[in-house]
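I opened this model to look up a few residues, and I note below what I found for each.

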Amino acid sequence: MGLGGFANPWLLAGMGLLAVPVLIHLLFRLRFRTVRFAAMEFLRESQLRHRRRIWWEQLLLLLLRCAAVALLVLAVARPRAEGTLATLLGRGGTTEHWIVWDDSASMGRQVGGRSLFDQAKDRIHRLSDELARSPGRHVVSVLLTSHPGSPLIDRAVIDSSSAKALTATVESTSVSWSSASPVDSLRQISRGLSSLTPSIVHVWSDFTEKDWSTSSGWIDIVRQLDSAGASVRLVDLATGEADNVG
């Protein structure tokens, strides 16, 4: 896969500015009036001999001006890469992973012999192991929905050793009986995003109606994150359990 769209696609309208260098080029060619007189004939002959070179120089200058405008517009529109292209471009760079981990009481529900909360633990283990083996630098933060202002893990750089420490921290965590909206965690992440660093927001929850109704405002927050260039991944751990799901 290649490009995955643009963070600010509406700014691509700025491509209309490509007409500006062309107009400047034409205006400079039209502003001179040719006046022939005998003393200039020798200069005219010299100009004819160098006309082709001058034409190529002017064309190259015009193309460079157009390329500068196009690159400026693309930089502001912020193209996104996906798949293999994203991997190649991101090799050696830093990617931030934000994990919103729903630790509400409903996550203690047993599905398939394991609680939803324990299934989320398994996903965190797999993600940390995968990131430790992946190229580039990966920074992970984990926010429990019960304490959005106090990350369980705050910007930990993941490698083989830190992945084990993350796993130990995750294993010692249990379901909370505190009541807090997951929207607060998403809002906390939106404040900490950096426009210069690729970010992925993982949301692992059972998406109960109480916390994830359309009136709770979480959709607006997700749109803000998307507009800021973050990739948002919602994982419903209670798939197949239709009751009380938002």
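Predicted model: local features only at pLDDT ≥ 70, side-chain atom pairs only at ≥ 80, totals over all residues.

Residues are numbered from 1 along each chain as its sequence is written, and side-chain values use heavy atoms, with hydrogens and water left out.

Confidence. I looked up pLDDT (the predictor's confidence in each residue, from 0 to 100), and the chain averages 75, with 72% of the residues scoring at least 70. Over residues 82–91 pLDDT stays under 50, and there the model has twelve contacts (heavy atoms within 4.5 Å) beyond four places in sequence.

Glu-96. I placed Glu-96 in strand E3, residues 94–101, where helices (H or I, at least four residues) and strands (E, at least two) are DSSP runs numbered from the N terminus. Glu-96 counts as buried because its relative accessibility is 8%. Beyond its neighbours within four places in sequence, I found Glu-96 in contact with residues including Val-139, Arg-155 and Gly-192.

Arg-155. I then turned to Arg-155, which sits in strand E7, residues 153–157, and has a positive phi of about 50 degrees although it is not a glycine. Its relative accessibility is 39%, so I list Arg-155 as partly exposed.

Phe-207. Is Phe-207 buried or exposed? I recorded 8% relative accessibility, so Phe-207 counts as buried. Phe-207 lies in the loop between strand E8 (199–205) and helix H7 (209–212), and has a positive phi of about 50 degrees without being a glycine.

Technical notes: Buried < 20%, exposed > 50% of the residue type's maximum accessible area, 1.4 Å probe, protein only.
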